[in-house]
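Good morning, and thank you for joining.

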Amino acid sequence: MGTRDGALARAADMFDAGQFRDRLADLVAIPSTSQEEGREADLHRYLTAGIQPWLERLGFVVEIHPNPVNGFGPILTGMRIEAPTLQSIILYGHGDTVRGLADQWRVGLEPWSLTEEGDRWYGRGAADNKGQHALNLAALEAVIAERGGRLGFNVKLVLEMAEERGSKGLREFIAAHAGDLAADALIASDGPRVDPAVPTIATGTRGTYHFDLVVALREGGVHSGHWGGLTTDPAIILAHALSTIMDRNGKILVRDWLPRNGVPAAVRGVLEGCPVGGGEGAATIDADWGEPGLTPAEKIYGWNSLIVLAMVSGRPENPVNAVAPDARAHCQIRYTVDSDTAGFADALRRHLDAHGLAQVRIENAGIRMAASRTAPDHPWVRWAQGSMERSLGKAVQIIPNSSGGLPGDVFVDHLGVPLVWVPHSYNGCKQHGPDEHLLIAPAREGLLAFAGLWWDLGEDGTPGRN
């Protein structure tokens, strides 16, 4: 008879002997970026060569489906059904990555090769998300071996290859397969911990709302000497528009964008004493930036933020002596589920008009990724927290949603499952830029945490099962 301690020991041995590192190296070596043309075959190869053989050895029935939306990467489902009467867990991940950006990595590193240096494994996807879903599968492998080929629950894996393009097609796919994917909870991994040393459970994610601000005044530029001081400069109008939307200390001035009733009491409660950043990311936290009166944790996990992702007027790379014809800024709101996104565009229009900025247009406004949240005190969340603390011997921080975006709303809307996200990375992992890496110590903890979770799911005491 296997034991819980035996399962954790197997997981630790797998990690310490280098087996997990070698498997992750094989996955990173597949250049499965969904953001570069010509990589379509690599998106398929990640599933067929990197994941499918591994899953089949673990007893999964695997299918690879075309994306319902033409032009986007495939979706893998893996079903490991021991008995229809057992509880079922949705396990989610994505095998696609952002662009490799090979020319921007520092000397000695490259995106499609796993490199170990000090306490880190470098490589594209090491943190987002290859390393994270691989850890969860490796933990399953340890528990299956310790239990002699069984788990005591069912696993339904969904692994998509278009997350870095907004998870296009995933909603349609889940809706079409909702019957087969019915489950009791989603337990999966993506995103960062609140601090590298603090195991974390997130019960949702913030959403992203995008819009362009455009000031277009004429067909072409006009001579700066002949017309400067006489004709309106669109860049100045745009700058004034942005200054009315947010003050110089980062406070959002379009107050209808904010959570309708402030930070909910349940959210404020779990965030009390919650650390933020940690590691090298701590240096980028400016104490006076953002909404006054909120803690750093409340600002990033319980509030909304506005970011100007890009802005341009004229040609900064090759300026000419002309008053530019137009100016444009692409903006993003990171928002929580407590916000009225249906009113975002109208609120902005009213705000600009009230400031005499009718010539500033709002274009391409809408949600890119919806927010989601399961109650932080949900029984599945508290059960997972208890399991992880038993495995790791340390406190586990619950947050109401991670700071980034994930398609949790899709699973809530179509499967009705509570969300338990257990991230294995940290804010400083550089996941969308050069030199992406996974910290080795939190990765090892993540493997042990999931070995304990998978073991405990096969025992009595889970929510809804006595």
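This is a predicted model: local features need pLDDT of at least 70, side-chain atom pairs count only at pLDDT 80 or more; totals for chains, interfaces and linings use all residues.

Which residue in β15 is the bridge partner of leucine 213? The partner is isoleucine 362.

The bridge belongs to the pairing of β15 with strand β10, residues 207–216, where six bridges join two strands that run antiparallel. Both strands are part of an open sheet of four, arranged in the order β12-β14-β10-β15 with antiparallel pairing. The edge positions are taken by β12 (305–313) and β15 (361–369); each has a single partner strand, so one side of each is left without a neighbour in the sheet. Direction ignored, neighbouring strands here are turned by 15° against each other on average.

Two helices deserve mention with this sheet. Helix α7, residues 234–245, lies across β10, β12 and β14 (326–335), and runs at about 20° to β14. Helix α10, residues 344–354, also packs on the sheet; the strands it touches are β10, β14 and β15, and its direction makes about 150° with that of β15.

I turn now to another sheet. How many strands does the open sheet with the order β4-β5-β19 have? It has three, and the pairing is again described as antiparallel. At its edges stand β4 (115–117) and β19 (437–439), each with a single partner strand, so one side of each lacks a neighbour in the sheet. From one strand to the next, the twist averages 25°. Between β4 and strand β5, residues 120–122, the antiparallel pairing extends over three bridges, and glutamate 116 stands opposite tryptophan 121 in β5. Helix α13, residues 440–457, lies across β4, β5 and β19, at about 65° to β19.

Next, a parallel arrangement. Strand β3, residues 88–94, is joined to strand β6, residues 154–160, by seven bridges, and the two run parallel. Within that pairing, leucine 91 stands opposite leucine 157 in β6. β3 also pairs in the parallel sense with strand β7, residues 185–188, over two bridges, with isoleucine 90 opposite leucine 186 in β7.

Why is β3 largely enclosed by the rest of the structure? Seven of its seven residues are buried, so the strand is largely enclosed. In general, side chains of a regular strand alternate between the two faces of the sheet. For β3, both faces are covered: Ser88, Ile90, Tyr92 and His94 are buried on one side, and Ile89, Leu91 and Gly93 on the other.

Finally, a contact between helices. Helix α2, residues 19–28, packs against helix α4, residues 130–146, at an angle of about 135°, and their axes are 10 Å apart. That angle makes α2 oblique to α4. The crossing of α2 past α4 is right-handed. On the α2 side, the residues in contact are Phe20, Arg23, Leu24, Leu27 and Val28, and they meet Lys130, Gly131, Ala134, Leu135, Ala138 and Glu141 in α4. By type, the residues of this contact divide into seven nonpolar, one polar and three charged.

That concludes the presentation, and I welcome discussion.

Methods. Residues are numbered from 1 along each chain as its sequence is written. Side-chain values use heavy atoms; hydrogens and water are left out. Two strands pair if DSSP finds at least two bridges between them. Axes are lines fitted to C-alpha atoms, for helices over the stretch in contact, and angles run from 0 to 180 degrees between N-to-C directions. Contact means heavy atoms within 4.5 Å. Angles under 35 degrees count as roughly parallel, over 145 as roughly antiparallel, 65 to 115 as roughly perpendicular and the rest as oblique. A crossing is left-handed if the near helix is turned anticlockwise from the far one by less than a right angle, and right-handed if clockwise. Ala, Val, Leu, Ile, Met, Phe, Trp, Tyr, Cys and Pro count as nonpolar, Asp, Glu, Lys and Arg as charged, and the others, Gly among them, as polar. Buried means under 20% relative accessible area, exposed over 50%, partly exposed in between (1.4 Å probe, protein chains only).
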